[in-house]
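Okay, thanks everyone. Let me put the structure up, and then we'll walk through some helix packing and a few individual residues.

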Amino acid sequence: MEKGISLSELARQLGRAKSGLHKLAAKGQIPQRDNGKFDLAAVMSALASNTDPSRQVEAFTAVHQPENGERTARPGEAPPSVAAQASVEAQLAVTRIREILAAEGVVIAPGEALTFNHARTAEKIVQTWQRDQAHAEAKGKVIDAEAAGRRWADEIVKLRARMLAVPGDCALELSHLTKHEVSVIDRIVRDAMDQAAGDGPS
């Protein structure tokens with residue numbers, strides 16, 4: 001089973017505030033795993049199924065108390081500001097589901113409404129993406145850029161030290177070499193290193 005994504009990553013992918021998602025999770029409006037992580041597709045499915053704010057009024061709190069001229073929401077009816085927020089959030093979720101489906105060649109007509117099957121398909125697609133990413137990382141196909149830079153720098157240091165040791169190795173293996181001949185070998189090795197590094201004439 002996939003481990004899921006963090007609240008921060010969920011907020012980034014959905015383009016929403018962490019605080020709002022945290023409240024929805026605390027009230028059971030979006031699913032959260034036992035380890036505290038989230039499944040992106042499952043959350044998007046939950047958000048898409050909550051397009052009718054009057055069904056989820058208990059998940060919201062009015063921003064302020066009614067003032068003069070404001071209409072008090074009837075029981076079971078969301079305040080206008082909450083309804084507008086829910087509508088925007090639902091539209092974002094629907095748009096994201098359409099993007100995921102389109103990325104895998106599942107085309108939905110602009111006027112066609114999303115169904116539960118669409119949401120489930122998008123969920124499976126995201127799970128496949130996450131599984132492929134995990135496999136690639138496990139096989140070493142994907143590595144952190146900073147880690148790769150450090151590893152490359154370490155290898156270059158080792159290679160340089162080994163190359164600089166070549167003249168000394170030659171002197172030990174070929175005892176008939178004069179100091180001048182060893183110094184020539186040393187110069188040739190250093191020139192080759194400079195050329196490889198782009199510091200010398202090619």
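So, look at where α7 passes α8: the crossing there is right-handed. This is a predicted model, by the way, so keep that in mind throughout. The two helices are α7, residues 166-173, and α8, residues 179-197, and they pack at an angle of about 150° with their axes 8 Å apart. An angle over 145° counts as roughly antiparallel, and therefore that's what we call α7 and α8 relative to each other. Who meets whom? On the α7 side we have V166, P167, C170 and A171, and on the α8 side they meet V182, I185, D186 and V189. Sorted by class, that contact of α7 with α8 comes out as seven nonpolar residues, no polar ones and one charged.

Now go to the other partner of α7, which is α6, residues 145-164. The axes of α6 and α7 come within 4 Å and cross at roughly 35°. From α6 the contact uses R162, M163 and L164, and from α7 it uses V166, P167 and D169. By class, α6 with α7 gives four nonpolar, no polar and two charged residues. Notice that V166 and P167 turn up in the contact with α8 and in the one with α6.

Let me zoom out for a second. The protein has eight helices and zero strands. Of its 202 residues, 25% are buried. And if you take contacts between residues at least 6 apart in sequence, 49% of them join residues at least 24 apart.

Okay, over to the N-terminal end. In α1, the buried residues are L7, L10, A11 and L14. They cover an arc of only 100° around the axis, so they sit on the same side of α1.

Next comes α2, where L21, L24 and A25 are buried. Seen down the axis of α2, the buried residues fall within an arc of 100°, so they line one face of the helix. What do they pack against? The buried residues of α2 go against α1 and α3, the latter being residues 40-49. On the face turned away from that buried side, you find the exposed residues K23 and A26. And α2 is followed by a glycine as well, G28, with a positive phi near 80°.

Now a residue I'd like you to click on: R16. It lies in the loop between α1 and α2. Buried or exposed, this arginine? R16 counts as buried, because its relative accessibility is 13% and the cut-off for buried is under 20%. Leaving aside neighbours within four places in sequence, R16 is in contact with A11, L21, L24, L47 and E89.

Last stop, Q91, which is found in α4, residues 80-103. Q91 counts as partly exposed, because its relative accessibility is 48%. Its C-alpha is 9.1 Å from that of L47, though Q91 and L47 are 44 residues apart in sequence. And L47, remember, is one of the residues R16 is in contact with.

That's my tour, so let's open it up for discussion.

Definitions and conventions:
Residues are numbered from 1 along each chain as its sequence is written. This is a predicted model: local features need pLDDT of at least 70, side-chain atom pairs count only at pLDDT 80 or more; totals for chains, interfaces and linings use all residues. Side-chain values use heavy atoms; hydrogens and water are left out. Axes are lines fitted to C-alpha atoms, for helices over the stretch in contact, and angles run from 0 to 180 degrees between N-to-C directions. Angles under 35 degrees count as roughly parallel, over 145 as roughly antiparallel, 65 to 115 as roughly perpendicular and the rest as oblique. A crossing is left-handed if the near helix is turned anticlockwise from the far one by less than a right angle, and right-handed if clockwise. Contact means heavy atoms within 4.5 Å. Ala, Val, Leu, Ile, Met, Phe, Trp, Tyr, Cys and Pro count as nonpolar, Asp, Glu, Lys and Arg as charged, and the others, Gly among them, as polar. Buried means under 20% relative accessible area, exposed over 50%, partly exposed in between (1.4 Å probe, protein chains only). The arc is that of the directions from the helix axis to the C-beta atoms.
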